[in-house]
Amino acid sequence: MVIVTTIRRDVLTLPAAPLGPDNPLPPLRLLHEVHRIDVRERDDLPRDMARQAGYGPLGSLLPVRVRDGYGRDRAPRAFETIVIENDRLRATVLPGLGGRVASLLHKATGRELLYRNPVFQPANFALNGAWFSGGIEWNIGATGHTTLACAPLHAARVPAPDGGEMLRLWEWERLRDLPFQVDLWLPDGSDFLYVGVRIRNPHERPVPAYWWSNIAVPERRRVFAPAEDAWQFGYERQLRRVPVPPDPLDSPYAADYFYDLPDSRRRWIAALDDDGHGLAQTSTDLLRGRKLFVWGTGSGGRRWQEWLTEPGTGGYCEIQAGLARTQLEHVRLDAGSEVAWLEAYGPLSAPPVPAEAEARLEAVLPRAAVDAAYAAWKPYADTEPGETLAVGSGWGALEVLRADWKLPGTPFDESTLGQAQSPWLELLRTGSFPEPRRVRPPGETLVAPHWRDMLETAPATPLTEYHLGVAQWHAGDRAQAVRSWERGLELAPSRWPLLRCLAVADQESGNRERAADRYADAFDDLCHERRDDGETWTAATAALGRETLEALLADRRTSEARSVWERLYPAVRARGRFRLIEAGLLLAEGRPEAARAVFEEGFEVADLREGAEAIGELWSRISSPDEPLPPHHDFRMRPPT
């Protein structure tokens, strides 16, 4: 048989905002999390759902860093892509951005099956910040958009079950310390892109697992799934069972609809336009969940749609598929085990009736064919990759070196180790954590138990005590973390990283005044230590300056806050996030008219968090009661309380 499917490198040029540097401060607290329900709400849920909703909630983002260095000034940028193509479909993959499938073009009809974002605009939706909309994204880790949304994955050619080639994507997911892979291939003549997914747990303990495949499609679509009821979740954080609404897109506010699929039914979801044409996604039964996300018809939802792309280019909704019934749940992955399944994505044309859509899907891609494709793929999951097409991070290589794990099919080669892994490699090999050769903000902290054990037995230098304290904090031993940071502070040449950690500990224990003191001391020390206004020191100044300003204003110390403000770099003060802080500072100083002038001059908070209401809250304090929030600042995602 002649195989005509091809895999090739290409380039996609888009107007793009730069990602910028990561936040150098360890995320000792979670970002504002909207996808969580109150414990008391679980009493009304099915037993298995309630159990999984309470299993393995994320305690912190560690060891991952926050990505908040992006802006909103876009310029043309070329992104490396990998294109998989047969005579029917063309899939364009972004290996440097989480392996996102940016486009799925049905060549026979010329139809784009996905919502294809015409720009690259990061926004604060991922667990660790930067995320962008459009295409098919692979979400692994914990409830929310993956921390790998804007990170590179490893990619290579691999033999496919039909004798052709697959594209394999793989990485080490750091929140749960799990390797995973995504295999994509197009059989000759197929109208469907096949995707084999595997998550492995190499540890000697069970681990919470999470997966949702998120598919952005043009907004004005009718969405079908084999369910009569759904679990609705909105930004009021209430999960309730409702009949599937006739048109969820007419919801005034953003909402999730998790379809309650009967166990015996085929797993599928489809989004069709008014003419009955669109995309279908189906899978083997293990991927049980299906979901629709809508932004809503309200002004806040429309503003978010504009925020994530170019105004006037059309909105989108998301159809999704996951391991559990809802995204509020994690499933148990036993020690030494794995989970694997197969998904299929392709065109569907059908009358706008669920039963008709399901019948048409069965005609073009029978359920048995999906099961057979999974059975054919599974033996190939261990096949070693061939030609390398893209390179991810070195964290997997470090973990494989440490534990000597054998992970056939997903090699984490020592050649991928880089500067970020270098000090941890030295700790692994010598038992000592190296001191930096030049003055700079400390690097990333590894927090898994095995790394914490190594830090505890390493020579107790100030930098080792700093990293040890972060690892202890992550483990829930906050008192010991404080002791480690205090010990490090006694001899530390660089005091501000330790002082900042202690300030967070003070805030968490309710000591607002001492937290403000320590933040002020930390910022003073940073200003004396910073060497230039390059990217590294600017990122540290912005991150610590923001937290210090917020702590001082919370303690009503406006004159000290003003002093911090004056020592920020001018380019930092000009950022939208800091213009918002400036308005709050002016209001605290008793200057409401000056605070209002900041709004009138205009600003954009690039890293505004999903569900955050800080802009509206501040506006309500400087405007008259009957004055509406300016439309360009209206990001409200729930009804007024």
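The model is predicted, so please read every value below as computed from it.

Let's start with charge. Side chains of opposite charge can pair when their charged atoms come close. In this model, the count of salt bridges comes to 58.

| Pair | N to O distance |
|---|---|
| R9 and E387 | 3.6 Å |
| R157 and E165 | 2.9 Å |
| E387 and R157 | 2.6 Å |

Look at where the partners sit in the chain. E387 lies in the loop between helix 4 and strand 25, while R157 belongs to strand 9 (residues 154-159), so this pair ties together parts that are 230 residues apart in sequence. The salt bridge between R9 and E387 also links distant parts of the chain: R9 is in strand 1 (residues 6-16), and the two residues are 378 residues apart.

Are these side chains buried or exposed, or something in between? R157 has a relative accessible area of 18%, which is under the 20% cut-off, so R157 counts as buried. E165 has a relative accessible area of 32% and is partly exposed. E387 is partly exposed as well, with a relative accessible area of 38%.

Salt bridges can also share partners. One network of this kind joins D48, D229, R241, D260, D263, R288 and R325.

**A closer look at E85**

Now find E85 in strand 2, which covers residues 75-85. With a relative accessibility of 11%, E85 counts as buried. What does E85 touch, leaving aside residues up to four places away in sequence? The contacts are V4, T5, T6, R8, R90, K107 and L186.

Two of these neighbours deserve a second glance. The side chain of E85 makes a polar contact of 3.2 Å with the side chain of R8. Another polar contact, of 2.8 Å, joins the side chains of E85 and K107.

**Two helices side by side**

Next, turn to helix 5 (residues 395-403) and helix 6 (residues 422-430). Their axes are 11 Å apart, and the helices pack at an angle of about 5 degrees. Angles under 35 degrees count as roughly parallel, and helix 5 and helix 6 are therefore roughly parallel to each other.

Which residues meet here? From helix 5 come W395, L398, L401 and R402, and from helix 6 come W424, L425, L428 and R429. Sorted by class, this contact of helix 5 with helix 6 has six nonpolar residues, two charged residues and no polar ones.

**A serine after helix 17**

Finally, S623 is found in the segment after helix 17 (614-622). S623 has a relative accessibility of 14% and counts as buried. Where does its side chain reach? The side chain of S623 comes to 2.7 Å from the backbone oxygen of W619.

Key: Residues are numbered from 1 along each chain as its sequence is written. This is a predicted model: local features need pLDDT of at least 70, side-chain atom pairs count only at pLDDT 80 or more; totals for chains, interfaces and linings use all residues. Side-chain values use heavy atoms; hydrogens and water are left out. A salt bridge is a side-chain nitrogen of Lys or Arg within 4 Å of a carboxyl oxygen of Asp or Glu. Helices (H or I, at least four residues) and strands (E, at least two) are DSSP runs, numbered from the N terminus. Buried means under 20% relative accessible area, exposed over 50%, partly exposed in between (1.4 Å probe, protein chains only). Contact means heavy atoms within 4.5 Å. A polar contact is a pair of N or O atoms within 3.5 Å; within protein, one must be able to donate a hydrogen and the other to accept it, and residues adjacent in sequence count only if both atoms are side-chain atoms. Axes are lines fitted to C-alpha atoms, for helices over the stretch in contact, and angles run from 0 to 180 degrees between N-to-C directions. Angles under 35 degrees count as roughly parallel, over 145 as roughly antiparallel, 65 to 115 as roughly perpendicular and the rest as oblique. Ala, Val, Leu, Ile, Met, Phe, Trp, Tyr, Cys and Pro count as nonpolar, Asp, Glu, Lys and Arg as charged, and the others, Gly among them, as polar.
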